[in-house]
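Subject: Structure for you to look at

Hello,

Here is the structure you will be working on. Please open it first, then read the notes below with it on screen.

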Amino acid sequence: MSGLVLLGAERGFLSPTGVEITFLLVGLVTLGGAVLAVTSRQLVHAALWLVVALGGIAVLYLLLTAEFIAWVQVLIYVGSVVVLLLFGLMLTKAPIGPSPDADSGNRWVALAVALATAATLVTVVVDAFRTAWIELDVPQGTTEIVGRSLFRHWVLPFEALSLLLLAALVGAIVLSRRKKERR
Amino acid sequence: MHLAYPAVLAALLFSVGLYGVLARRNVVLVLISVELMLNAVNLNLVAFDVWLRDELHAGQSLTLFTIAVAAAEIGIGLAIVLLVYRNRGSSNLDELRDLVERDPGDDNSDGDAGDNTSRPTASAAAAPKGEVTA
């Protein structure tokens, strides 16, 4: 085991670089926002804590040199998905104050399942990628790089995705349209 | 940067989202938790793409596709939630029990009658059926 650690760890975990420290701090903020988003008893606050989590993930993308993904994340997730969720809360007449029945009765089972999943995943991931090192010297996700690969190698999925978005748009309109005649 | 940092953070975010999906009652809060799980996967994709220096940049392209699919999903999902709320007057998951298996010996086991006996608050909220203006 010590040999494995030494193999890829001329850079140890005990002497983190500046990027790693920033990643750790922003990651803690992200995780805290996520935990508050799933445990908050005020429904609107849960949606607003989601903004913190998603914005933190956008900063993490920036730290991983994936600029384009970071700005897409800000535009689509923080900009529109959260607004849609807030509209959903508002249109289903969510209570403004704290609602004590926000969690169902099986929350302890859910907590056990989530803790088991976290323990398993973290154990496996740490065991597998303990010695892997990301070089961040060359930016890997500028708009030019992503656009070039998207329109050179991924054109067909890109077009299929636009069809999917059109179908989703039509479906949402059809679903939310009020029927004239009584069913 | 060690690859373990983004990988572990993504695993933890996924677990938090899983807890939210299992523990929440309101459908919109379940959708919020689903978004958290999708974001955990996206973080993994970007981290591994940057680590592997993929020539095709499959990870980042797939992340873009995932973001677009998630946007479509949240639109359709909220439309369904609004439809259910308009028809039932409730957006709590554990009150939507129409497909629940009832006792075969139960007499009034058809539709709303069973709901009335088991869950008076839910049927009271669903009384103005179809008339709740969203």
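Leaving aside neighbours within four places in sequence, A:Ser149 is in contact with A:Trp154, B:Leu56, B:His57 and B:Ser61 (contact means heavy atoms within 4.5 Å). This is a predicted model, in which local features need pLDDT of at least 70 and side-chain atom pairs count only at pLDDT 80 or more, while totals for chains, interfaces and linings use all residues. Residues are numbered from 1 along each chain as its sequence is written, chains are lettered from A and ligands numbered from 1 in the order in which they are written, and side-chain values use heavy atoms, with hydrogens and water left out.

A:Ser149 belongs to helix H6 of chain A, residues 143–153. Helices (H or I, at least four residues) and strands (E, at least two) are DSSP runs, numbered from the N terminus. Is A:Ser149 buried or exposed? A:Ser149 has a relative accessible area of 4%, so it is buried (buried is under 20% relative accessible area, exposed over 50%, partly exposed in between, with a 1.4 Å probe and protein chains only). A polar atom of the A:Ser149 side chain lies 3.2 Å from the backbone oxygen of A:Val146.

Next, chain A as a whole. Chain A has seven helices and zero strands, and its pattern along the sequence is α-α-α-α-α-α-α. Of its 183 residues, 34% count as buried. Among contacts in chain A between residues at least 6 apart in sequence, 72% join residues at least 24 apart.

Now a helix pair in chain A. Helix H2 (residues 18–39) and helix H3 (residues 43–63) of chain A pack at an angle of about 160°, with their axes 7 Å apart. Axes are lines fitted to C-alpha atoms, for helices over the stretch in contact, and angles run from 0 to 180 degrees between N-to-C directions. The angle makes H2(A) roughly antiparallel to H3(A) (under 35 degrees is roughly parallel, over 145 roughly antiparallel, 65 to 115 roughly perpendicular and the rest oblique). The crossing of H2(A) and H3(A) is left-handed, a term used if the near helix is turned anticlockwise from the far one by less than a right angle, with right-handed for clockwise. Residues making the contact include A:Phe23 and A:Gly33 of H2(A), and A:Trp49 and A:Gly56 of H3(A). By class, the contact of H2(A) with H3(A) has 16 nonpolar, five polar and no charged residues (Ala, Val, Leu, Ile, Met, Phe, Trp, Tyr, Cys and Pro count as nonpolar, Asp, Glu, Lys and Arg as charged, and the others, Gly among them, as polar).

Chain B has a helix pair to look at too. Helix H1 (residues 4–23) and helix H2 (residues 27–52) of chain B pack at an angle of about 165°, with axes 8 Å apart. That makes H1(B) roughly antiparallel to H2(B), and their crossing is left-handed. Among the residues in the contact are B:Phe14 and B:Gly17 of H1(B), and B:Met37 and B:Asn44 of H2(B). The contact of H1(B) with H2(B) has 16 nonpolar, four polar and no charged residues.

Last, two backbone angles. Most residues other than glycine have a negative phi. A:Lys93 has a positive phi, near 55°. A:Lys93 sits in the loop between helix H4 (67–91) and helix H5 (107–129) of chain A, and is partly exposed at 49% relative accessible area. B:Arg53 is not a glycine either, and its phi is positive, about 55°. B:Arg53 lies in the loop between H2 and helix H3 (58–88) of chain B, and is partly exposed at 31% relative accessibility.

Regards

Methods:
A polar contact is a pair of N or O atoms within 3.5 Å; within protein, one must be able to donate a hydrogen and the other to accept it, and residues adjacent in sequence count only if both atoms are side-chain atoms.
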